[in-house]
Amino acid sequence: MQVYVINPTLKTVSAVEISGSIDDVRGLIGFASIDSDEIDNNGDRLFFDEECFIRQQDGVGRFKVDNLAPVAGIGVIANSRDEAKSIQAPEVSLQDLTKRITFI
């Protein structure tokens, strides 16, 4: 299944194939401690490094989706209606998501 990976350093948003586990999402983000915020009322969520706001990282870009707080480092968009116990492909299209992202 596909999820979307937001790389603020490269200023890219791309579709990536994963098997569908939360460990896959952690691997894409690069950290074991992750958190998420809803981006839609359909279950789509932004997953990110839970400590991105306090972790000292030189040269790491930031981004935001809609009016959410800015995130430092890699973000992953996936669908999870059960608080990240299961991961599905996002319902938002890559094209529509890209319009909602601001790189900082």
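In helix 1, the residues Ile 22, Val 25 and Ile 29 are buried, where buried means under 20% relative accessible area, exposed over 50% and partly exposed in between, with a 1.4 Å probe and protein chains only. These residues sit on the same side of helix 1 because they cover an arc of only 55° around the axis, the arc being that of the directions from the helix axis to the C-beta atoms. Asp 23 and Gly 27, on the other side of helix 1, are exposed. The cover over the buried residues of helix 1 includes strand 3, strand 4 and strand 7. Just after helix 1, Gly 30 adopts a positive phi of about 95°.

The model is predicted, so local features need pLDDT of at least 70 and side-chain atom pairs count only at pLDDT 80 or more, while totals for chains, interfaces and linings use all residues. Residues are numbered from 1 along each chain as its sequence is written, and side-chain values use heavy atoms, with hydrogens and water left out. Helices (H or I, at least four residues) and strands (E, at least two) are DSSP runs numbered from the N terminus.

The chain holds two helices and eight strands, arranged along the sequence as β-β-α-β-β-β-β-β-α-β. Its radius of gyration is 12 Å, close to the 13 Å given by the globule rule for 104 residues, so the chain is as compact as a globular protein of that length. Here the radius is taken over C-alpha atoms, and the rule is 2.2 Å times the number of residues to the power 0.38. Buried residues account for 40% of the 104 residues in the chain.

Five of the strands make an open, antiparallel sheet in the order 2-1-7-4-3, pairing being assigned if DSSP finds at least two bridges between two strands. Strand 2 (12-17) and strand 3 (34-38) are the edge strands, each pairing on one side only. On average, neighbouring strands of this sheet are turned by 30° against each other, direction ignored. Axes are lines fitted to C-alpha atoms, for helices over the stretch in contact, and angles run from 0 to 180 degrees between N-to-C directions. Helix 1 (residues 22-29) lies across strands 1, 2, 3, 4 and 7, at about 50° to strand 4.

Strand 3 pairs with strand 4 (residues 44-49) in the antiparallel sense over five bridges. Within this pairing, Ile 34 has Asp 49 as its bridge partner, and Ser 36 has Phe 47. The hairpin of these two strands has five residues between them, and its Gly 43 takes a positive phi near 100°.

A further open sheet contains three antiparallel strands in the order 6-5-8. Strand 5 and strand 8 run antiparallel and are joined by three bridges, with Thr 102 as the bridge partner of Lys 64.

Technical notes:
Contact means heavy atoms within 4.5 Å.
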